[in-house]
Structure formats: C-alpha cells, structure tokens
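Please work through the exercises below with the sequence and the model open side by side. Each task sentence is followed by a solution that goes step by step.

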Amino acid sequence: MVFSSLEFIFIFLPAFFIAYAAVPQKYRNFILFTASVIFYGLGVKKPVYIILFLLTLLLNFIVGQFIENAKKTKKLWLFFGVAFNFWWLIFFKYWGFLGENINALFKTGLTVKDIILPIGISFYTFQNVSYIADVYRGTVRAEKNLINYGAYLTMFPQLIAGPIVTYQTVAQQLRTRTHNIRLVEDGLKTFTIGLGYKVLIANQLSGLWNDIAMIGYESVSTPLAWMGIFAYSFQLYFDFNGYSLMAIGLGRIMGFEIPKNFDYPYLSVTMTEFWRRWHITLGTWFKENVYFPLGGSRRGPSKTLRNTFIVWLFTGVWHGASWNFIVWGLVLFAIIMSEKFWTGKFLNKYKFIGHCYMILIIPLTWLLFAITDFERLGVYFGRLIPIFGKGGTAVLENDYVTSWETYRIFFVAAFIFSTKLPEIIYKKIKNSMFCALVLLAVFWGSVYCMYKGMNDPFMYFRF
C-alpha cells in the first residue's frame, strides 16, 4: 500500500484516524503501532518479513536496555546490536550482489538466488542503529515502554521510505503531544501538497523517461536524451519530496514533528550545498553515525579525505546493490572534494556560474543513479554527448519536438515548484478560502489520476 493510492486515502487512513481519535491519548501509541504493523503487512510480499520486522524491533528495544544498564559491556552490546541489524540488511540487500562478484572474481560456483527485499529495511535498520548508538552515547535514555518504541519504529508515515526519524527527535512526543484542529488542518494541507508533487508532477514526467526506455537509448536524439535525464531528475525530486511531505503532514495530524527532508536542493550552486539540502535526514544519519565517530574534519586534510570517502562509499552502497551506485557515490565524493579544495569558493562567489554548473552536473550524476547497466549507461551518455558515442540516428525525426509538446506543462510546473516562489505565495494565502479551493483541486485532480491508473510506485521504495 502506498500513500498515493485510493485504498490508502479512502479506506486505511479514515479507519485509522477514526480509531486514533476515539481512544484516550494514553492508548494512541498502541493504535498507531497496531495500524502501522497492518500497513507494513499489506505492503510486504512475504508474511515472514512481518515477523522479522517485529523481531528486530523487540531485539533493539532489549539491547537499548542492556546498553543503558551495563557498566563494562556497553560496547559489546552495541556491537551485537549493530551487527544484528546490518546482518539482515546485508543478507537481503547485498547477498546476491556479493555472490555474483565472488563467482566472477574467483570463478567459484556459489548459488545466488534472487531474494525479495523486505520493504523499508534500509530505513528501519538505520533507525534501529541510530537508537542504540544514541543510548550508548548517552544522548537519549533507553525507552522503557515497548509500545512507545514500537510506535516510533513502525510509525507508518515514515516507515518504508523515510524521512529517517531518530528516536531523540520524537522521544518526548511519544509520551505527550498536542492534538488540535490547527495541526490537523496544517497536516492535511502539507499532505495534499506532497500528493500533488507525486501524482501531478513526478508521475507525469515519468512518462517521458519510460517513453525513452521503450524507444531504446540508442534511438533517441541528443535533445530528447537531455530532456529525458532532466525529466528523471525532476521526477526523482518530486517523487521523494512528495512522499516526505505526505509523511510530515500525516505526522503533524498525529502531533509529531517529522523532520524536513528537502530544502530546495535544485537551487544549489555547488554539489556540496546540494547534498546539504537533499535527503537531509540521510545525510544527518551518516554525519552522526559514521563521519563524526571517524573523526570528521578534526584530524587534518588526509583524515578528512578518508572519512568523506568512506561516507560517500557507504552512501552509494546504501542506495543499491549494484556497481553503478558505488560509482555514483565515488563520483559525488570526487566532485565534493574538488569543490572543497579548488572550485567551491569560486562557485559560491559567482553564483550564476554555480547555477549553470549545477544545471549540467545534477542530471549527469542522476544518470549514474538511473541506469544500472554500464553498457546501456554508456549508450545513453553517448546520446547526451555525441562526440563520445558510437553515432546513430534517432528513430523519429524531431522526436524532442513531439515530446516537448506533450510534457512541457509538467516541465514548467517542475521548474517553478523547484524554486521558493510557490512557498512564498503559499505562506501569504495559506489561511484563505482561495488556498483551500486550490488544494481541493490538487487533491481531486490527484484522485482522478490515481483512479485512471496514472500512478507509479514511489521510486525510493526500492532502496
């Protein structure tokens, strides 16, 4: 089940909020926990994954108690908890990839089976690890109530695609939080904006990327190839940002402040700035649990280089069990380090040049992210920059003209909503009847598109 589905909006969500509002506040975490497990169960392909999910929840809850109460074995319990969590992530997400590469490298015959990835495992693994690490560091007290911890970890708004919510962010809210009409209204508006981003922009632009895949990368013109990778860049942003906004909106209705995950990243003038604005909660997790424990930037340039390399290697690996994600992470490391030591000051000083630089570099890096097969990646890169390609002729003459006529309204919308202008206008009209009517139009327009089957799964579910 996904947020942008009729079943979620018209069946699951009303049933949940009726039950949530009907019980006293002290039982609402239990309702949230129960509903979230049901939500997760409706999305997984194997029922045993529900048992695994609940097992990891229970074990991390217990490990947190042991870490807090142990005097001489804190590190041992932390190691056990981290190893347990990452073992399951490695097994489900990377076992096939490791087996294939071991077979290729050593000419062995390891049996490699396709293992269905439990939905959301990358996100809830990171949340479990951040919880026991924070208990170990003493930044939070271990949760003594299993239902509270269950409500934190399983909270359905952020369970399967983030944002990555740390326990310390919501610890107080799990015990007492505010519920009022203003928060409900604000949450519904935020949810509707996110739904519009996902259904009315991201899903529509996905059509162009899918069209290009059907035509064949070798058979599109250079202008259409560039249009395609820009479409993919916008699709990824509005898909993931839309989901994050929906999560924030649903959390707000329940009295939770789920952290912001995007801060207009396409307005950045450097890749360094971009990754401070994109998937903020993931960057924060790596900073607090990998970069700082390794020493951060406090031990000189060489250690800073090493620590940043490790973070970006892990960032690439986290996104997928494929060499293209590893290369993607290392390319981003190289770009960010070049900005740190050479080009960053110039790009920040001359912002127009910085924006032009980012207009080119963002879609090129997303190309590494979008295409997992290196041969097909090379073909597409050759269409983007023909002097590096093998030549070829577009199947349809002026193919980009036809595509532009079909998708231009969505490109214009994506460009405008990538800037701060809509937010500025929204803040001024937020409480007006006009704003309510616009959001109603967005909601029912999205519902119509979902009803007509014009919907795609969230892109970040596969991570």
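The model is predicted, so local features need pLDDT of at least 70 and side-chain atom pairs count only at pLDDT 80 or more, whereas totals for chains, interfaces and linings use all residues. Residues are numbered from 1 along each chain as its sequence is written, and side-chain values use heavy atoms, with hydrogens and water left out.

**Exercise 1. The whole chain**

Task: Determine how many helices and strands the chain has, and compare its radius of gyration with the globule rule.

Solution. Begin with secondary structure, where helices (H or I, at least four residues) and strands (E, at least two) are DSSP runs numbered from the N terminus. On this basis the chain has 18 helices and 0 strands. Along the principal axes, the C-alpha atoms fill a box of roughly 65 × 60 × 50 Å.

Next, consider burial, for which buried means under 20% relative accessible area, exposed over 50%, and partly exposed in between (1.4 Å probe, protein chains only). Buried residues amount to 52% of the 463 in the chain. Finally, take contacts, meaning heavy atoms within 4.5 Å: among those with a separation of 6 or more, 76% are between residues 24 or more positions apart.

**Exercise 2. Salt bridges across the sequence**

Task: For the salt bridges of Arg-141, Glu-143 and Lys-430, identify the partner and state where each residue lies.

Solution. A salt bridge is a side-chain nitrogen of Lys or Arg within 4 Å of a carboxyl oxygen of Asp or Glu, and the structure holds 12 of them.

1. Arg-141 pairs with Glu-68, with 2.9 Å between the closest N and O atoms. Arg-141 belongs to the loop between α5 (121-137) and α6 (146-154), while Glu-68 is in helix α3 (residues 48-69), 73 residues apart. Arg-141 is exposed, at a relative accessible area of 60%, whereas Glu-68 counts as buried at 19%.

2. Glu-143 pairs with Arg-175, the closest N and O atoms being 3.0 Å apart. Glu-143 is in the loop between α5 and α6 and Arg-175 is in helix α7 (residues 167-175), so this pair ties together parts 32 residues apart in sequence. Glu-143 is buried, with a relative accessible area of 2%, and Arg-175 counts as partly exposed at 46%.

3. Lys-430 meets Asp-186 at 2.6 Å, N to O. Lys-430 is partly exposed at 26% relative accessibility, while Asp-186 is buried at 12%. Through shared partners, salt bridges join Asp-186, Arg-252, Glu-257 and Lys-430 into one network.

**Exercise 3. A pair of helices**

Task: Describe how α9 and α15 cross, and which residues meet there.

Solution. Two packed helices are described by the angle between their axes and the distance between the axes. Here axes are lines fitted to C-alpha atoms, for helices over the stretch in contact, and angles run from 0 to 180 degrees between N-to-C directions. The axes of α9 (residues 222-253) and α15 (residues 374-384) come within 7 Å and cross at roughly 115 degrees. From α9, Thr-222, Leu-224, Ala-225, Trp-226, Gly-228 and Ile-229 meet Tyr-380, Arg-383 and Leu-384 of α15.

**Exercise 4. A covered helix and two buried residues**

Task: State which residues of α6 are buried, and list what Thr-270 and Tyr-407 touch.

Solution. In α6, 7 of the 9 residues are buried, namely Asn-148, Tyr-149, Gly-150, Ala-151, Tyr-152, Leu-153 and Thr-154. Their cover includes α2 (28-43), α3, α5 and α7.

Thr-270, in the loop between α9 and α10 (271-277), counts as buried at 4% relative accessibility. Leaving aside residues up to four places away in sequence, Thr-270 touches Glu-339, Gly-344, Leu-347, Asn-348, Tyr-357 and Met-358.

Tyr-407, in helix α16 (residues 399-417), is buried at 10% relative accessibility. With the same exclusion of residues up to four places away, Tyr-407 touches Gln-204, Gly-207, Leu-208 and Asp-211.

Note on methods
The radius of gyration is taken over C-alpha atoms; the globule rule is 2.2 Å times the number of residues to the power 0.38.
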